[in-house]
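Please open the model in your viewer and keep the sequence beside it, ready to select residues by number. The tour below goes from one selection to the next.

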Amino acid sequence: MVEATPYPRLMSPARIGRMELRNRLVMAPMVVQLGSENGAVTKQSIEYYSRRAAGGVGLIIVEATYVAVSGRGFPGQLGLDREGALIGQFELVEAVHRQGARIAVQLHHAGSRGAPELAGGVILAPSPLAQEDIGIVPRELTIREIEGLADSYARAAKRAHRAGYDAVEIHGAHGYLVHQFLSPATN
């Protein structure tokens, strides 16, 4: 459990909208790659997040979780791209809630930072521009595919809600898909 601090407001309850937190400590999403080969939550995932909740954090934000197979960026990444993912996600949420913490999930699509070997053989992006550190020219998304990916985010958010997550976060930074739409370097 977290010890007393010279910052009394840090350990006081807080609210984000209607969500009440036991304190103001938030565990930012960090990729730990403990998911199964198909993106399912594993016992190791549950143990990892449950231990952080037991440590006293008020809100845990689960790592970048892909919304579509085409957006997988790394091995061991969790997914919310299908109904079959819900059982493990529900178990993860329940384990964190039992420890008194709230839990959110970060929804993610890697775009041109994806791993072709994990994402169906090709990486997708707003424009066919390779990111300098990746060096692979992605396939440009069609309007229909963009609409489909927007729908993938919505469906993943609905799954997160059904799994019991208290909030969702859209990953819009670090050169991933949402960020790629916003940057002239990639779009």
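Start with glutamine 33, which is found in the loop between strand E3 (26-27) and H1. This is a predicted model, and in it the phi of glutamine 33 is near 55°, a positive value in a residue other than glycine. Most residues other than glycine have a negative phi. With its relative accessibility of 38%, glutamine 33 counts as partly exposed.

Next, select helix H1 (residues 43-54) together with helix H2 (residues 86-98), which pack at an angle of about 20° with their axes 8 Å apart. Angles under 35 degrees count as roughly parallel, and H1 and H2 are therefore roughly parallel to each other. Their crossing is right-handed. To see the contact, show Ser45, Ile46, Tyr49, Ser50 and Ala53 on the H1 side, and Glu91, Leu92, Ala95 and Val96 on the H2 side. Of the residues in this contact, 6 are nonpolar, 2 are polar and 1 is charged.

The structure holds 1 aromatic pair.

Finally, go to histidine 174, in the loop between strand E8 (167-170) and helix H4 (177-182). Although histidine 174 is not a glycine, it has a positive phi of about 60°. Is histidine 174 buried or exposed? Its relative accessible area is 59%, and histidine 174 is exposed.

Note on methods
Residues numbered from 1 in each chain as written. Predicted model: local features only at pLDDT ≥ 70, side-chain atom pairs only at ≥ 80, totals over all residues. Heavy atoms only, no water. Axes fitted to C-alpha atoms, helices over the stretch in contact; angles between N-to-C directions. Helix = DSSP H or I, 4+ residues; strand = E, 2+ residues; numbered from the N terminus. Parallel < 35°, antiparallel > 145°, perpendicular 65-115°, else oblique. Left-handed = near helix turned anticlockwise from the far one by under 90°. Contact = heavy atoms within 4.5 Å. Nonpolar A, V, L, I, M, F, W, Y, C, P; charged D, E, K, R; others polar. Phe/Tyr/Trp six-rings, centres within 6.5 Å; stacked < 30°, edge-to-face > 60°. Buried < 20%, exposed > 50% of the residue type's maximum accessible area, 1.4 Å probe, protein only.
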